[in-house]
Amino acid sequence: MAELSVRRADFLMALAYATDLATGHPRDFALRSCVLAMRFAEVACLDELTSRAVYHQALLRFIGCNADTHLLAAAWGDEITLRRELHHIDMGNRAEFVEIFVRAITRKFAGASPEELAEAVKGGLAEAPQVNIPILSGHCEVAQRIAERIGLPEEIRENLGQIYERWDGKGLPRGLSGNAVKFPVRLVTLAQDAIALTDHHGFETMKAMIAKRAGGGYEPELVDLFLTHAEKLLAGLDGPVDRETILALEPAPHSMLDEEACDEAYLAIADMIDMRMPFTFGHSRAVASLAHAAGKHLGLPASDIRDVRRAAYTHDIGELAVPVSTWMRAGPLTERETDAARLHPYHGERALASLGGDGKAVAALVQRHHERLDGSGYHRNSRGPDLSPAARVLAAAEAFQTAREARPYRPAMSDVAAAAKLRSAVREGRLCPDAVEAVLTCAGQPARRSAERLAGLTPREIEVLRLIAAGDTAKEAARKLDISPKTADNHIQSLYSKIGVTTRAGAALYALERGLVQQGISAA
Ligand SMILES: [Fe+2]
């Protein structure tokens, strides 16, 4: 495999997209804030090192905010809506802060009696500091760890430990004030609030609100500088920002990742995704381990094995768009929640869209990880011909691993029960038999004989099927298998009957749907 050189900034954009979803920000919020912050850095005549810190702080500010989200959801309900409402207020203003949290509790206890609601509000507000402070401290720590794993230096990581701190000392978790809050933190906090306030209230009101907060949330000198140049700084930032713009803004030298560093970056994303809820801890790593092993077992090309491993690391990145309170529901989801949940492969592909080159293959696999051969999957209802061997392996690995993990609405299945569930999906034409058997073999489950897996075909009939599906005539197949043409004909008639087709094209499609005509896939 050729050594790749990938821009680290591409990973930063993937992380930025995912955290925008998870924190209730509109699409491209972090990218727009990055453009604004870098313009601001230029106006402020920052040196190259500080500009680099600003660039990374704008893209990565919220990468730790996925940790312990289940605790946030347990206390306040729909955490994405809560976070969205918090973006517009002055967090140092207790009245504004209390109003938003009362609203969250009211949403969570919808349907409760006025007395029950009053009790919940009283208890919730009293416990807010004990609930929120450890969670926010965790966000800072996790952000710094993820940044370290994607190779960022100390001067960038330390800013991620201060993401909720304020100029006036009323921030969290340490209550730092003035110059103790790092300069890139002060600048990016102001820039991101300016974007959020402009989106919510419009340009003029935003300026008035920023001015009012000078000396509170923001450093007065920075506010003056920002307001002097506000129009120029925000020009054209009301729409999407493309990848090339963000790549061009990265101060030189541009950071590149080699193959090993790329894998570590994908793995860091996996852990970030899985830290959201306790029952997904380690899920993406486990799916990747199974998919990688199954891909090798099937003899897939090295590049496919690499792509399926990386897709497995990131396959659920789009789940961040759906509130944890939905995933943690023990009861059935509403129709709207189901629709939102089934769109997570779409968001996953979008999140990874910034990854150029081979990243596109990874994104395509992520988009298909819940698709099924018969079109019964989601979100595009793709069918067999649109599902490559690697996609089939990922679907099988994901299905097996998920089945043997507990979910709030069901206990974990035993490995044996999970294997039976997957084989049932094979019989129903939803999962690829070869992919499933490879995954199960790699998971230590006893192998099934191929004849049982493929509609009762004998190994010789499978060989004939592979050859005619690949375009051979009966005569050519007979010659390659060293059997008589009449015997080959008999095998063809027998296998047609077993798989329920009457033509070579029908048999070819059957073989294609089961991965039998892909190079390196063995039916045995
Ligand atoms: Fe998924």
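Trainee: How many salt bridges does the structure hold?
Mentor: Bear in mind that this is a predicted model, in which local features need pLDDT of at least 70, side-chain atom pairs count only at pLDDT 80 or more, and totals for chains, interfaces and linings use all residues. Side-chain values use heavy atoms, with hydrogens and water left out, and residues are numbered from 1 along each chain as its sequence is written. A salt bridge is a side-chain nitrogen of Lys or Arg within 4 Å of a carboxyl oxygen of Asp or Glu. Counted that way, the salt bridges come to 32.

Trainee: Take glutamate 85 and arginine 103: how many residues apart in sequence are the parts they tie together?
Mentor: Their closest N and O atoms are 3.5 Å apart, which makes a salt bridge. Glutamate 85 lies in helix 5 (residues 79-86) and arginine 103 in helix 6 (residues 94-108), so the distance in sequence is 18 residues. Helices (H or I, at least four residues) are DSSP runs, numbered from the N terminus.

Trainee: Where does aspartate 90 sit, the partner of arginine 166?
Mentor: These two side chains meet in a salt bridge of 2.8 Å, N to O. They are 76 residues apart: arginine 166 is in the loop between helix 8 (154-160) and helix 9 (183-201), and aspartate 90 is in the loop between helix 5 and helix 6.

Trainee: Which helix holds arginine 310?
Mentor: Arginine 310 is buried, at a relative accessible area of 2%. Its salt bridge goes to aspartate 263, with 3.2 Å between the closest N and O atoms. The pair ties together parts 47 residues apart in sequence, with aspartate 263 in helix 13 (residues 259-274) and arginine 310 in helix 15.

Trainee: How much space lies in the largest cavity?
Mentor: A cavity is a set of points on a 1 Å grid where a 1.4 Å probe fits but cannot get out, and lining residues have an atom within 4 Å of a point. There are 5 cavities of 30 Å³ or more. The largest is lined by 12 residues, including Arg310 and Tyr266. Its volume, the space filled by probe spheres set on the points, is about 70 Å³.

Trainee: How many disulfides does a search find?
Mentor: A disulfide is a pair of cysteine sulfur atoms within 2.5 Å. For cysteine 262, which is buried at 2%, the closest cysteine sulfur, in cysteine 34, is 20 Å away, too far for a bond. Across the whole structure, the number of disulfides is 0.

Notes: Buried < 20%, exposed > 50% of the residue type's maximum accessible area, 1.4 Å probe, protein only. Helix = DSSP H or I, 4+ residues; strand = E, 2+ residues; numbered from the N terminus. 1 Å grid on protein atoms, 1.4 Å probe; cavity = no way out; pocket = protein on both sides within 12 Å on 5 of 7 lines; lining within 4 Å.
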